[in-house]
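Here are my notes on the model you passed along. Have it open beside the text while you read.

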Amino acid sequence: MTLRSGGCVLIPCYPSGVVYDLFECLSTHLDKSGLTQIPLFFISPVAETSLAYSNILAEWLSTGKQNKVYLPEEPFPHAFLVKNSRLKHFTSAWAEGFSTEYRQPCVVFCGHPSLRFGDAVHFVQMWGNSPQHTIIFTEPDFPYLEALAPFQPLAMKAVHCPIDTSLNFTQANKLIRDLKPENLVVPESYTQPPYTAPHRLDLVIESTG
């Protein structure tokens, strides 16, 4: 709704990791919604390097994406988006060329998720007085209300959609069983139920012995 009404979307994020999946998911959604003309801006001092390395360091990717690394095909769609000028990357909002390419509506990915430094601060200050714009928080490590506190009163809409990529105990135990490590180092507190819930044996890293 924000983009259809001519507003902009700000996504405070780190310059690697989940942001690659956000490029893929969001561009696909925009395509299906008939909004392929909406530009995506990725702003970070390491934006170009991050995009380049994401296509060659495949050991942390899914099997499907790993296989693409060895073919004349990039594992992530953002390489295609860059080639077709749908995703544009800049070192900062004041970098050469950004003011020329910038137009609304748009989606901006930049740091820092805490909103205490980085280009995200500039965009909150620029768009914060208008309810036409939206800021989306995806990083689970920062309380979004605290992040927004210095900018209040704020008219722009705020959406909290944390994406937590950490493993829970069930997933961790399955991974350990599958990998069968010879040695496993974990905090002692993870090997016994929480003090406040001694019956929760599901909150324990199982012994590999």
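The points below go from the overall fold to the pockets and then to the salt bridges.

1. First, the ground rules. This is a predicted model, so to speak of local features we need pLDDT of at least 70, and side-chain atom pairs count only at pLDDT 80 or more, while totals for chains, interfaces and linings use all residues. Numbering runs from 1 along each chain as its sequence is written, and side-chain values use heavy atoms, with hydrogens and water left out.

2. The fold. The protein has eight helices and six strands, taken as DSSP runs numbered from the N terminus (helices are H or I, at least four residues; strands are E, at least two). Going along the sequence, the pattern reads β-α-β-α-α-α-β-α-β-α-β-α-β-α.

3. Burial and surface. Of the 209 residues, 37% are buried; buried here is under 20% relative accessible area, exposed is over 50%, and partly exposed is in between, with a 1.4 Å probe and protein chains only. The protein exposes about 12500 Å², and carbon and sulfur atoms supply 57% of that. Those areas come from the Shrake-Rupley method with a 1.4 Å probe, and for residues only the protein chains shown count as cover.

4. Contacts. Among the contacts with a separation of 6 or more, 68% are between residues 24 or more positions apart. A contact means heavy atoms within 4.5 Å.

5. Helix α6. Which residues of α6 (residues 119-127) are buried? They are Asp119, Ala120, Val121, Phe123, Val124 and Trp127. These buried residues pack against β1, β2 (40-43), α5, β4 (107-110) and β5. As a reminder, an α-helix has 3.6 residues a turn, so residues three or four places apart point the same way.

6. The largest pocket. It holds about 350 Å³ of space, and of its 16 lining residues Leu3, Val9, Leu26, His29 and Ile136 are the closest to its centre. A pocket is found on a 1 Å grid over the protein atoms alone, as an open set of points where a 1.4 Å probe fits, with protein on both sides within 12 Å along at least five of seven lines; lining residues have an atom within 4 Å of a point. Grid points are joined across faces, edges and corners, and the volume is the space filled by probe spheres set on the points.

7. Who lines it. β1, α1 (18-32) and β5 (134-137) each give at least two residues to the lining of the largest pocket, and α1 has the largest share with five residues. By class, that lining has 10 nonpolar, five polar and one charged residues. Nonpolar covers Ala, Val, Leu, Ile, Met, Phe, Trp, Tyr, Cys and Pro; charged covers Asp, Glu, Lys and Arg; the others, Gly among them, are polar.

8. Leucine 3. This residue sits in the segment before β1 (9-12) and is buried because its relative accessible area is 13%. Leaving aside residues up to four places away in sequence, leucine 3 touches Val9, Leu30, Leu35, Ile38, Pro105, Cys106 and Val107. The C-alpha atoms of leucine 3 and histidine 133 are separated by 8.3 Å, although the two are 130 residues apart along the chain.

9. The second largest pocket. About 150 Å³ of space lies in this one. It is lined by 13 residues, with Pro15, Ser44, Pro45, Gly111 and His112 nearest its centre, and the lining divides into eight nonpolar, four polar and one charged.

10. Serine 44. Is serine 44 buried or exposed? It is buried, at 7% relative accessible area. Serine 44 lies in the loop between β2 and α2 (47-54) and touches Pro15, Phe90 and Thr91, not counting residues up to four places away in sequence.

11. Salt bridges, part one. There are five in the structure, each a side-chain nitrogen of Lys or Arg within 4 Å of a carboxyl oxygen of Asp or Glu. One of them pairs glutamate 101 with lysine 88, with the closest N and O atoms 3.2 Å apart. That pair links distant parts of the chain, from helix α5 (residues 98-101) to strand β3 (residues 87-90), 13 residues apart. Glutamate 101 counts as partly exposed at 32% relative accessibility, whereas lysine 88 counts as buried at 14%.

12. Salt bridges, part two. Arginine 177 and glutamate 206 form another, again with closest N and O atoms 3.2 Å apart. Arginine 177 is in helix α8 (residues 169-179) and glutamate 206 in the segment after α8, 29 residues apart. Arginine 177 is partly exposed at 45%, and glutamate 206 is partly exposed at 42%. Aspartate 202 also bridges to arginine 200, at 2.7 Å between the closest N and O atoms.
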